[in-house]
Every structure is written in C-alpha cells, then in structure tokens.
Amino acid sequence: DAAAILAESKTLLAQGRYVRNLRKLVAAVAADPKNRELRKGLLEGAILTKDWKTAVAQIEPLRPFRDGEEPWMFYGAIALYETGALREARELTDRARPRLSRSPFVDYYIRKIQGSAPPG
C-alpha cells in the first residue's frame, strides 16, 4: 500500500534513518513503477542520501512536473547539478524557486546551481 509506505517514509526521515528509507522506497517503486507519489518520495530520499544516480532516474518519470511539485523540481535540480547537467538544473530551479520555502539548504543549492560552473 503506497499510502502506508509513504507514511512510514515520513517517520523514517523524521528519525534520520535515511538509508533504510531509501531501501524501502526503491523496493516500493520497483513494485509499483507508475506510482508518482512513491517516485517523489524516492527522489527526496535519494537526495538525502546523496544517491544522485537514483535521484536522476526519478526525474524523467515525473516529467512534466506539476504545479505544487516545486520541492521535487528542486530535488531534481539538485540531482542534475550534482551529476553535471547544469543547464537542466537551472531550468528546474528557475521554475521551482518562486514557490520554495527559504532555508540554508535551499539557499545553498540555489547559489550553487545559479553559479557558473558544475560541481567538480
């Protein structure tokens, strides 16, 4: 049940159990690959564990991102930036930015993504 998995995911994230959360979501998406909510959860979980490959793999199935999905657009931008796809990262950041809540994490990545060079 996707709703139960997502509820457990929130609990695991609140407990700081990021790797366990990621494993559960990878399995859940493998079992239900068309479930958009599970993919969004996996994208977030992959960002928190810095599993850029898994994060990037969630972007295409989530496109086009919908209004209200700005946090996941931003997570996608982070993954794209960290894997060297700077132009695509900027495009997602530009779309998501007006509706993001400010935080040190958000500000850090906005500065990085809007900067001139990819990570390295």
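Visitor: What percentage of the 120 residues of the protein count as buried? The part that I would ask you to examine closely is the packing around helix H5: which residues of H5 and H6 make their contact?

Guide: Of the 120 residues of the protein, 42% count as buried; buried means under 20% relative accessible area, exposed means over 50%, and partly exposed lies in between, with a 1.4 Å probe and protein chains only. The model is predicted, so that local features need pLDDT of at least 70 and side-chain atom pairs count only at pLDDT 80 or more, while totals for chains, interfaces and linings use all residues. Residues are numbered from 1 along each chain as its sequence is written, and side-chain values use heavy atoms, with hydrogens and water left out.

The protein has seven helices and zero strands, where helices (H or I, at least four residues) and strands (E, at least two) are DSSP runs numbered from the N terminus. Its pattern along the sequence is α-α-α-α-α-α-α. The radius of gyration is 14 Å, close to the 14 Å that the globule rule gives for 120 residues, so the protein is as compact as a globular protein of that length; the radius is taken over C-alpha atoms, and the rule is 2.2 Å times the number of residues to the power 0.38. The C-alpha trace spans about 40 × 30 × 25 Å along its principal axes. Among contacts (heavy atoms within 4.5 Å) between residues at least 6 apart in sequence, 55% join residues at least 24 apart.

H5 packs against H6 at an angle of about 160°, with the axes 8 Å apart; axes are lines fitted to C-alpha atoms, for helices over the stretch in contact, and angles run from 0 to 180 degrees between N-to-C directions. The two helices are therefore roughly antiparallel, a term for angles over 145 degrees, whereas those under 35 count as roughly parallel, 65 to 115 as roughly perpendicular and the rest as oblique. Their crossing is left-handed, as it is when the near helix is turned anticlockwise from the far one by less than a right angle, clockwise being right-handed. From H5, the contact draws on Glu-70, Met-73, Phe-74, Gly-76, Ala-77, Leu-80 and Tyr-81; H6 contributes Leu-86, Glu-88, Ala-89, Leu-92, Thr-93, Arg-95 and Ala-96. By class, nine of these residues are nonpolar, two polar and three charged; Ala, Val, Leu, Ile, Met, Phe, Trp, Tyr, Cys and Pro count as nonpolar, Asp, Glu, Lys and Arg as charged, and the others, Gly among them, as polar.

H5 also meets H3 (residues 36-48), and these axes come within 10 Å and cross at roughly 45°. That makes H3 oblique to H5, and this crossing too is left-handed. Lys-40, Leu-43, Glu-44 and Ile-47 of H3 are in contact here with Trp-72, Tyr-75, Gly-76, Ile-78 and Ala-79 of H5. The classes are six nonpolar, one polar and two charged residues.

On H6 (residues 86-96) lies Asp-94, which at 45% relative accessibility counts as partly exposed.

On H3, Arg-39 counts as buried, at 13% relative accessibility. Beyond its neighbours within four places in sequence, Arg-39 is in contact with Val-29, Pro-33, Ala-57, Gln-58, Pro-61 and Leu-62. Pro-61 itself belongs to H4 (residues 52-62) and, at 39% relative accessibility, counts as partly exposed. Setting aside neighbours within four places, Pro-61 is in contact with Arg-36 and Arg-39. Its C-alpha atom is 12 Å from that of Trp-72, eleven residues apart along the chain; Trp-72 is one of the H5 residues in the contact with H3.
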